[in-house]
There are 2 protein chains.
Amino acid sequence: MGVKVISVLENILQANEQVAAENRARLDAAGVYAINMMSSPGAGKTALIEQTLRALSPQVRIGMINGDTTAASMDAERGAQAGAQAVHINTGGNCHLEAHMVRQALAALDLSALDLIIVENVGNLVCPAGWDLGVHARVVVASVTEGADKPYKYPSMYRGADVLVLNKIDLLPYLDFDTEYFLRGVRLLNPEVQVFQVSCRTGEGIQAWSAWLRERAMRNRPVRIR
Amino acid sequence: MGVKVISVLENILQANEQVAAENRARLDAAGVYAINMMSSPGAGKTALIEQTLRALSPQVRIGMINGDTTAASMDAERGAQAGAQAVHINTGGNCHLEAHMVRQALAALDLSALDLIIVENVGNLVCPAGWDLGVHARVVVASVTEGADKPYKYPSMYRGADVLVLNKIDLLPYLDFDTEYFLRGVRLLNPEVQVFQVSCRTGEGIQAWSAWLRERAMRNRPVRIR
């Protein structure tokens with residue numbers, strides 16, 4: 001039975017890769033830069049998206065695709081309220097987004113009116129790591145309240161990140177978080193990763209993160225003929 | 001392909017139920033009370049286990065089964081250091097524990113020398129909810145730093161809980177956590193759930209939680225003949 005599961009899973013992952021490649025081609029043709037934002041539940045993905053919209057909008061035209069395990073669309077509503085074209089995906093209990101879900105969401109967005117799409121994955125440090133959604137960068141949001149041991153315990157997620165945003169640094173005075181130990185674990189798994197330390201509450205560090213993102217979103221603006 | 005997956009998954013879940021029932025019978029025969037502790041990464045499961053050991057050990061004889069996605073056994077080591085018989089399960093990337101993994105761990109513990117087993121699941125608010133491990137109670141650990149919307153967004157986990165431990169309440173003064181809104185969501189999904197509000201850092205609330213657990217662990221001590 002175990003073998004059966006693995007072969008089915010392999011087929012599914014192959015199919016996912018193909019749809020992901022199609023998503024990426026579609027985004028590239030439209031000149032839209034897209035990121036896959038992943039984290040534990042409550043690390044602050046939605047708050048970071050709100051802050052990013054505040055920093056970049058309307059100069060950078062931003063769309064948001066929000067994945068949740070239920071029909072509860074409060075995160076997408078927060079995104080819409082902050083000025084994004086927002087689409088909510090109900091995964092029906094599924095613990096991660098897959099490329100075909102993002103494909104459906106892309107069809108619901110007006111890509112010609114966007115420079116950047118932020119995909120907010122299901123809050124989960126394990127499962128989303130294995131699924132390419134067809135975006136350009138994977139952004140992991142960690143929060144200092146989760147503890148400094150997380151890279152050591154969830155290596156797949158940290159290994160696959162292009163960018164790491166360490167959030168809630170305003171709470172550092174009230175915690176025993178060892179930033180040096182945390183970052184050592186991150187670098188061990190992923191020496192190339194770009195790190196931003198931010199507080200979505202105070203706004204600290206948001207400018208550096210937003211500048212990084214703006215640069216990529218605007219670089220992509222001219223439509224490329226493939 | 002979708003249908004194939006579901007039927008395989010159903011077989012796996014049925015097999016899991018059967019092994020879970022065997023685990024429960026084995027624990028009952030040995031007079032050992034067992035709980036399945038689940039949470040987001042970093043909500044404080046290991047810290048709660050350390051505090052519980054401090055409160056109950058050696059009067060209550062405690063074993064710990066710790067599940068992680070990798071070979072990193074630091075949580076089991078923390079449990080052992082705090083005085084538990086501790087077993088580490090490396091799920092090999094799997095996002096949750098299953099009953100057969102707990103069966104293996106039970107075989108590695110001396111049940112006759114235990115009153116209570118705390119199973120620390122993989123940090124994940126989605127996947128572990130669907131898997132019965134054959135224990136007596138499901139304990140969800142939430143932390144105030146995750147935000148008050150979590151019951152609304154991860155209903156399966158909150159609906160299935162017998163006990164909810166809300167951790168890190170020492171940080172409430174520095175957060176915008178709306179306890180009333182959080183608890184309303186919890187009660188909506190799960191009117192019967194037992195709630196404890198604690199801080200593993202200051203020790204607040206640990207006594208009430210530990211007393212609840214002691215009562216169950218000691219009630220179970222006489223070996224029941226089945």
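Reply: Start with B:Leu166, whose bridge partner in S7(B) is B:Gln197. This is a predicted model, where local features need pLDDT of at least 70 and side-chain atom pairs count only at pLDDT 80 or more, while totals for chains, interfaces and linings use all residues. Residues are numbered from 1 along each chain as its sequence is written, and chains are lettered from A and ligands numbered from 1 in the order in which they are written.

The pairing joins strand S6 (residues 163-167) to strand S7 (residues 194-197) of chain B through 4 bridges, and the two strands run parallel. Strands are DSSP runs of E with at least two residues, helices are runs of H or I with at least four, and both are numbered from the N terminus. Two strands pair if DSSP finds at least two bridges between them. From S6(B) the chain passes through helix H7 (residues 179-189) to S7(B), a right-handed β-α-β crossover. Right-handed here means that, with the strands pointing away from the viewer, the path from the first strand over the helix to the second runs clockwise.

Now turn to S4(B). Strand S1 (residues 33-39) of chain B pairs with S4(B) in the parallel sense over 5 bridges. B:Ala34 has B:Ile117 as its bridge partner there. Strand S2 (residues 62-68) of chain B also pairs with S4(B), parallel and over 5 bridges. In that pairing B:Met64 stands opposite B:Ile118.

Why is S4(B) largely enclosed by the rest of the structure? Because 5 of its 5 residues are buried. Buried means that 20 or more other C-beta atoms, placed from the backbone, lie within 10 Å of the residue's own. B:Leu116, B:Ile118 and B:Glu120 point one way from S4(B), and B:Ile117 and B:Val119 point the other way.

The loop between S4(B) (116-120) and strand S5 (137-143) of chain B holds B:Ala129. B:Ala129 counts as buried because it has 23 C-beta neighbours inside 10 Å. Leaving out residues up to four places away in sequence, B:Ala129 touches B:Ser156, B:Met157 and B:Gly160. Contact means C-beta atoms, placed from the backbone, within 7 Å.

Chain A gives the sheet order. Its open sheet of 7 strands runs S3-S2-S4-S1-S5-S6-S7, with parallel pairing. The edge strands of chain A are S3 (85-90) and S7 (194-197), and each pairs on one side only. The twist averages 20 degrees from one strand to the next. Such angles run from 0 to 180 degrees between N-to-C directions, with axes as lines fitted to C-alpha atoms, for helices over the stretch in contact. Within this sheet, S1 (residues 33-39) and S5 (residues 137-143) of chain A are parallel partners over 5 bridges.

Last, the two chains together. Chain B superposes on chain A by a rotation of 180 degrees with 0.0 Å of shift along its axis (RMSD 0.0 Å). The two copies are therefore related as by a two-fold rotation axis. The superposition is by least squares on the C-alpha atoms of residues with pLDDT of at least 70 in both. Between the chains, 35 residues of chain B are in contact with 35 residues of chain A. On the side of chain B that touches chain A, H1(B) gives the largest share, 5 residues.

Definitions and conventions. Buried ≥ 20, exposed ≤ 12 C-beta atoms within 10 Å, placed from the backbone. Contact = placed C-beta atoms within 7 Å.
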